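Hi everyone, thanks for coming. Let me put the model up on the screen, and then I'll walk you through some helix packing and the contact between the chains.

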Amino acid sequence: MIYLDNAATTMMKPECVVRAVADAMTSFGGVGRGVHLASIAAGMAVYRARAAVANLLGAPGASSVAFTNNATMALNIAIDGLLAPGQRALTTAASHNSVLRPLFRLRDTADCSVDIAPIAADGSLDFEVYAELLKHKPALVAVTHASNLTGDVYDVARMCAMAHEAGAKFVLDAAQTAGSYPLNMAEIGADVVCFTGHKSLLGPQGTGGLCVACGTEIAPLLEGGSGTHSYDERHPLFMPERLEAGTLNAHGVAGLAAGIGYIEGTLGGPSGVHEHAGALAQHFADAVSGVSGVKVYGRSDACDRGSIVALNIADVDSAEVADRLASDYDICVRAGAHCAPLMHKALGTQSQGAVRFSFAAANTVADADAAAKAVREIAHAVGQGC
Amino acid sequence: MLQAKDACYVLVRTSTEGFDLYQRLVDAGVPARVAPAPHGMQACCGTSVLLDPEVVDAARPVIEAAPYPIERIVRVAGAINPARDTYC
């Protein structure tokens with residue numbers, strides 16, 4: 001099998017991740033619940049994972065990192081906790097539904113307004129329109145670092161500076177970049193960075209979180225067991241407990257920490273991953289771009305490029321192409337809408353969807369060559385009416 | 001006969017800060033361990049960092065350098081004789 005659906009989740013986790021989760025499952029007591037040896041083992045592991053995330057993403061420190069089940073949960077917490085009823089938010093058409101749906105819910109239920117900065121047909125953001133929309137004085141700007149459809153990486157430091165100048169808080173969706181692209185929260189200036197653990201951070205599914213800048217106070221979305229301050233009527237407001245209610249997935253978090261250790265110790269950090277996987281994506285894109293009937297989306301010169309290539313073959317349904325790749329070539333890719341409805345609208349692929357090839361550290365040039373060969377053969381067959 | 005020994009508890013706001021302080025102390029070469037905070041002293045956070053009274057002076061610069069407030073350091077007379085149930 002050739003696995004090229006790493007933007008959905010990385011499949012083959014490093015052995016150290018598997019071992020960390022397995023060890024945790026036979027040695028961890030309740031994290032933050034009790035202070036006996038088994039509980040301390042869990043607590044220290046989670047603390048070290050927070051510190052590892054903070055170090056990797058340039059967050060202020062261990063206490064600034066709250067763990068969640070995934071990036072979607074982190075984004076819901078950030079958006080719900082920062083956008084008050086009646087306030088205005090701004091996002092871009094490149095956003096995933098994990099940003100769009102919470103915003104649209106607040107528009108429909110809390111009298112909030114939502115502006116969408118458009119994405120051009122080449123996948124790039126028009127900064128002039130973005131600047132115009134900032135004149136509406138949004139309280140919150142929530143954007144994606146990289147499109148989960150095209151892999152295009154946006155200049156979020158510039159977007160953040162403009163948002164702050166307009167008086168808005170800046171929330172960054174780093175689901176597609178944390179671990180696979182250089183990302184420093186302090187350098188960007190973001191108020192919140194939301195990440196997932198199971199993609200490029202190589203952790204288990206069910207892990208993710210958000211890094212919160214000093215001075216940014218997010219109202220808790222969930223309240224309940226915190227393990228501390230048990231006599232208070234309301235959930236504690238100290239980070240990270242502020243944004244964590246109930247027992248954490250400490251087993252998964254232990255695996256996430258091991259994944260980060262592997263990225264930094266073996267893969268050369270996010271820069272090393274980007275260099276490798278980005279080069280594979282470019283190699284693949286170059287190999288299929290000239291093929292008759294193949295249309296590659298995004299990869300605008302206005303953006304940096306990640307490790308994703310999205311394409312279609314003539315007018316064939318993307319699901320059919322993906323199924324052919326799986327059944328005839330044993331190649332795993334993702335077809336359809338990718339939870340990015342406005343991006344598909346911008347690219348004109350709403351009805352057809354797109355076939356997404358996403359590369360990771362575990363992939364090789366041979367994988368990219370095999371995928372390109374398969375695309376060429378399918379395109380040839382389509383061209384001949386087969 | 002062994003007597004119950006005094007202990008110094010560093011009381012923190014959150015368990016995360018408790019683990020962070022523990023790591024800072026260990027990194028600085030100060031022996032410490034994470035322990036349950038005595039309930040009568042502090043009903044809010046159940047975690048504390050336990051020090052031998054003899055190392056408190058060495059620990060103090062590390063504690064003061066931590067980037068979060070420490071609630072307080074309290075010395076408590078041990079109530080449980082470590083030689084309990086030992087008859088020879």
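A quick definition before anything else: a crossing counts as left-handed if the near helix is turned anticlockwise from the far one by less than a right angle, and as right-handed if clockwise. The housekeeping comes next. This is a predicted model, where local features need pLDDT of at least 70, side-chain atom pairs count only at pLDDT 80 or more, and totals for chains, interfaces and linings use all residues. Residues are numbered from 1 along each chain as its sequence is written, chains are lettered from A and ligands numbered from 1 in the order in which they are written, and side-chain values use heavy atoms, with hydrogens and water left out.

Helices here are DSSP runs of H or I with at least four residues, strands are runs of E with at least two, and both are numbered from the N terminus. Axes are lines fitted to C-alpha atoms, for helices over the stretch in contact, and angles run from 0 to 180 degrees between N-to-C directions.

Let's begin with α9 (residues 269–289) and α12 (residues 365–383) of chain A, which pack at about 25° with axes 9 Å apart. That makes α9(A) roughly parallel to α12(A); angles under 35 degrees get that label, over 145 is roughly antiparallel, 65 to 115 roughly perpendicular, and the rest oblique. Their crossing is right-handed. In contact terms (heavy atoms within 4.5 Å), α9(A) brings L280(A), H283(A), F284(A), A287(A) and V288(A), while α12(A) brings residues including V365(A), D369(A) and R376(A). By class, this contact has 9 nonpolar, 1 polar and 2 charged residues. Here Ala, Val, Leu, Ile, Met, Phe, Trp, Tyr, Cys and Pro count as nonpolar, Asp, Glu, Lys and Arg as charged, and the others, Gly among them, as polar.

Now for another pair in chain A: α1 (residues 15–24) and α8 (residues 250–265) pack at about 155°, axes 8 Å apart. α1(A) is therefore roughly antiparallel to α8(A), and this crossing is right-handed too. Among the residues that touch are A20(A) and A24(A) of α1(A), with G255(A) and G259(A) of α8(A). The contact has 8 nonpolar, 3 polar and no charged residues.

So how do the chains meet? 16 residues of chain A are in contact with 18 of chain B. About 1,500 Å² is buried between them, 62% of it from carbon and sulfur atoms; buried area is the accessible area (1.4 Å probe) that two parts lose on being put together, summed over both. How many salt bridges cross that interface? The rule finds 0, a salt bridge being a side-chain nitrogen of Lys or Arg within 4 Å of a carboxyl oxygen of Asp or Glu.

Between the chains, α2 (residues 37–57) of chain A packs with α1 (residues 15–27) of chain B at about 85°, axes 9 Å apart, so the two are roughly perpendicular. R50(A) is one of the α2(A) residues in that contact, which divides into 5 nonpolar, 3 polar and 3 charged residues.

R50(A) also forms a salt bridge with E244(A), at 2.7 Å, N to O. E244(A) sits in the loop between β9 (208–212) and α8 of chain A and R50(A) in α2, so the pair ties together parts 194 residues apart in sequence. The loop between β9 and α8 also holds P240(A), joined to M239(A) by a cis peptide bond with omega about 0°.
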